[in-house]
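Trainee: I should like to learn how to read the features of a protein model in an orderly way. May we work through one together?

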Amino acid sequence: MLADRIAASLVSIPDFPTPGVLFRDLAGIYADPELFDAAVTELSRRFAERFDAVLAIEARGFVLGAALARQTARPLILARKPGRLPGEVLEESYSLEYGINTLQIGRQAVFPGTRVLIVDDLLATGGTFAAAARLVTAAGGTVAGMATLVSLAGLGADRTLAGHEVASLCGVPAAGF
């Protein structure tokens, strides 16, 4: 089963990036071409023909987002951290488990009416995905769904992202495993 293979490839790193946070390293998924291909194929299948563009969240979401955009022949939009995009940008701040961050997209990155699939590698509290959704909406697009490889259970993402279709290939407990 795909979820079991993904879970087996995860490495937990305590106290990173700050004390008390249990970081989930997904490098094992990307290092296994067969597993990574199976994951991309499954997410593509779940949202087949329901999106016009892929918005990938910096930085680790770029890997998955680029692969999904390539496989589905859709444009790739990059949601970047501040100071990394030239020209006029739209900006949204959000809370993390360990602080506050901001995402930006180019003002013209999403055409009005575009159905956008938002992609990141891991879903925790949902704050990053919610900020990306607000950016898509502010640009005149619609959120077609949200896709991730791994979701951490019990951190409230289901409440934060209520009303959005979220596809996760593997759920794991927020602490330990």
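Mentor: Let us begin with a term: a strand is a DSSP run of E with at least two residues, and strands are numbered from the N terminus. Ala79, for instance, is found in strand β4. Please keep in mind throughout that this is a predicted model.

Trainee: How many helices and strands does the protein chain have?

Mentor: The protein chain contains 6 helices and 10 strands. Its radius of gyration is 15 Å, close to the 16 Å that the globule rule gives for 177 residues, so the chain is as compact as a globular protein of that length. The C-alpha trace spans about 40 × 35 × 30 Å along its principal axes.

Trainee: What share of the 177 residues is buried, and what share of the contacts joins residues at least 24 apart?

Mentor: A residue is called buried when its relative accessible area is under 20%, and exposed when it is over 50%. Buried residues account for 45% of the 177 residues in the protein chain. Of the contacts between residues at least 6 apart in sequence, 61% join residues at least 24 apart. The accessible surface comes to about 8300 Å², and carbon and sulfur atoms contribute 56% of it.

Trainee: How many positive and negative side chains are there, and how far apart are the centres of the two sets?

Mentor: There are 15 positive and 18 negative side chains, and the two centres lie 3 Å apart.

Trainee: Turning to the helices, what span should helix α5 have, given its 12 residues?

Mentor: The expected span is 1.5 Å times one less than the number of residues. For α5, residues 127-138, this gives 16 Å, and the end C-alpha atoms are 16 Å apart, so the two values agree. Helix α4, residues 61-72, also has 12 residues and should span 16 Å; its end C-alpha atoms are 16 Å apart, which agrees.

Trainee: Is α5 mostly covered or mostly uncovered?

Mentor: α5 is mostly covered, with 9 of its 12 residues buried. Among them are Phe129, Leu135 and Val136, together with the run from Ala130 through Ala133.

Trainee: Which residues of α4 are buried, and what covers them?

Mentor: The buried residues of α4 are Gly61, Phe62, Leu64, Gly65, Ala67, Leu68, Ala69 and Thr72. Their cover includes the helices α2 (27-30) and α3 (33-46), and also the strands β3 (53-57), β4 (76-79), β7 (115-119) and β9 (142-153).

Trainee: What backbone value should one look for just after these helices?

Mentor: One should look at phi. After α5 comes Gly140, with a positive phi near 100°. Just after α4, Ala73 takes a positive phi of about 55°, although Ala73 is not a glycine. Ala73 lies in the loop between α4 and β4, and its relative accessible area of 70% makes it exposed.

Trainee: Which residues are joined by cis peptide bonds?

Mentor: The omega angle is the value to inspect. Phe16 and Pro17 are joined by a cis peptide bond with omega about 5°, and Pro17 has its place in the loop between β1 (11-14) and β2 (22-25). Glu58 and Ala59 are joined by a cis peptide bond with omega about 0°; Ala59 is found in the loop between β3 and α4.

Trainee: Is Val110 buried or exposed, and what is it in contact with?

Mentor: Val110, in the loop between β6 (99-106) and β7, counts as buried at 3% relative accessibility. Leaving aside neighbours within four places in sequence, Val110 is in contact with Ile77, Ile105, Val116, Val136, Ala139 and Gly141. The C-alpha atoms of Val110 and Gly141 are separated by 6.1 Å, although the two residues are 31 residues apart along the chain.

Trainee: To return to Ala79, is that residue buried or exposed, and which residues does it touch?

Mentor: At 0% relative accessibility, Ala79 counts as buried. Not counting residues up to four places away in sequence, Ala79 touches Leu55, Ala56, Ile57, Glu58, Phe62, Leu103, Gln104 and Ile105. Ala79 and Val136 are 57 residues apart in sequence, and their C-alpha atoms are 9.9 Å apart in space.

Notes: Residues are numbered from 1 along each chain as its sequence is written. This is a predicted model: local features need pLDDT of at least 70, side-chain atom pairs count only at pLDDT 80 or more; totals for chains, interfaces and linings use all residues. Side-chain values use heavy atoms; hydrogens and water are left out. Helices (H or I, at least four residues) and strands (E, at least two) are DSSP runs, numbered from the N terminus. The radius of gyration is taken over C-alpha atoms; the globule rule is 2.2 Å times the number of residues to the power 0.38. Buried means under 20% relative accessible area, exposed over 50%, partly exposed in between (1.4 Å probe, protein chains only). Contact means heavy atoms within 4.5 Å. Accessible areas come from the Shrake-Rupley method with a 1.4 Å probe; for residues, only the protein chains shown count as cover. Lys and Arg count as positive and Asp and Glu as negative; His and the chain ends are not counted. The place of a charge is taken as NZ of Lys, CZ of Arg, CG of Asp or CD of Glu.
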